[in-house]
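Take a moment to look over the sequence and the model, and then follow the text through one part after another.

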Amino acid sequence: MKKTLAICSLVLMLGACAQTPSTAPSAPDSPAMTITTPLRLDARTLAAYDWRLVDGRDAQGRDIAALGAGADSPARLAFSDQAIRVLGGCNTQFGGYALKSDSLRIQGLASTMKACAPDLMRRDQALAGLLKGSLAARIGGQPGDPSLALTTQAGDVLRFAGKPTPETLTGSRGVVEFLEVAPRTVACNHPLIPDHRCLSVRERRYSDAGMLLPAAGPWHPLYDTIQGYTHQDGVAAILRVKRYDWKNPPADASSVLYVLDLVVQQGR
C-alpha cells in the first residue's frame, strides 16, 4: 500500500498532529456545547459551528472574486477556545483571537507552506489580507441556522453560514481511531436499502514509535458512513477518524458518527 499523504512524519502524526482535528474542538475540560437562544457572540458559540463563507464583498459592494465564495469547497473558519483556523484554500492558516463587545480581533495568522493551484494560493492571500486586526462581528439567525458577518476596517464584508460541528450535533467529544478499509465493499443488511453494501474495515493501532502494528481484530462491515470519506472501489486505505457517540441518537439512525480526520495511507 502506497502512502499518498505526508503532512507529518508518522510519529508526529500519531501525537502532535492528532491534536489538530478537522473540526473545531470543545473548550478544554468543558462539557459538550449547549447552544443558547438567542445566539451570542462568544467563544462557545463560535466553536460550536463550522463557518463556511457564502459571500465576500468589498467596501463598494463588489464581489471579492479571489475568495471563491461560490466554489464547491468554500473557505471556512474553525474556532476553539482562543484559536482560529482558516481552511479551504491551499494552506491552513491559524492564530489566536480575542472577543470584545461586538468585535473580533485576530492576532496574526501563521500558515502551512504547501504549493497549490494558483486560484487556491490567491484565496489564501485574500483571506490573510482580510482576516487580520480588529473586525466588527455580528452573529445572527437561529441555533440551527446561524450566520456570522465580519467587517474589516476598510469596509469589506465577509458573511459565513454556520454548520454544527460533530461535537455540537452529538453532544459528545470525538475519540480518535484508526480504521483500515478493504479495497472492496461487502454485502450487508439494511432495512430500507435492498442490495446494500458496506465498507469492510478493521481497527489498526500504532506503536509509540509510530510503527503500524499487526492487525489484531477481524474484518467486519461498517454499517455507518464516514463523513468526509469517499471510497474508491479497489482502493485500500488506513484512515484516522474521530468517533462520536450520540447522547440522544436520532430516531432510526445509528448511535455513532464517524468523521474523517486524515487519510494516512491509500493505494491499490
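Predicted model: local features only at pLDDT ≥ 70, side-chain atom pairs only at ≥ 80, totals over all residues.

Which residues of α3 are buried? They are Arg123, Asp124, Ala126, Leu127 and Leu130, and these buried residues pack against the strands β3, β4, β6 (133-142) and β8 (157-164).

Is glutamine 93 buried or exposed? Its relative accessibility is 5%, and because buried means under 20%, glutamine 93 counts as buried. The side chain of glutamine 93 reaches the backbone oxygen of aspartate 124 at 3.3 Å, and aspartate 124 is itself one of the buried residues of α3. If its neighbours within four places in sequence are left aside, glutamine 93 is in contact with Ile84, Arg85, Val86, Leu109, Ala110, Ser111, Asp124, Leu127 and Ala128.

The next topic is the disulfides. A disulfide is a covalent bond between the sulfur atoms of two cysteines, and the structure holds two disulfides. One of them is formed by cysteine 90 and cysteine 116, whose sulfur atoms lie 2.1 Å apart. This pair links distant parts of the chain, for cysteine 90 sits in the loop between β3 (83-87) and β4 (93-100), while cysteine 116 sits in the loop between β5 (103-111) and α3 (118-130), 26 residues apart. The torsion about the S-S bond of cysteine 90 and cysteine 116 is about 70°, so this disulfide is right-handed. As for accessibility, cysteine 90 is buried, with a relative accessible area of 6%, whereas cysteine 116, at 30% relative accessibility, counts as partly exposed.

Cysteine 188 and cysteine 198 also form a disulfide, and their sulfur atoms are 2.0 Å apart. Where in the chain do cysteine 188 and cysteine 198 lie? Cysteine 188 belongs to the loop between β10 (186-187) and β11 (197-204), and cysteine 198 belongs to strand β11, ten residues apart, so that this pair, too, links distant parts of the chain. The torsion about the S-S bond of cysteine 188 and cysteine 198 is about 85°, and the disulfide is therefore right-handed. Both cysteine 188 and cysteine 198 are buried.

Definitions and conventions:
Residues numbered from 1 in each chain as written. Heavy atoms only, no water. Disulfide = S-S within 2.5 Å. Helix = DSSP H or I, 4+ residues; strand = E, 2+ residues; numbered from the N terminus. Buried < 20%, exposed > 50% of the residue type's maximum accessible area, 1.4 Å probe, protein only. Polar contact = N/O pair within 3.5 Å; in protein donor to acceptor, adjacent residues only side chain to side chain. Contact = heavy atoms within 4.5 Å.
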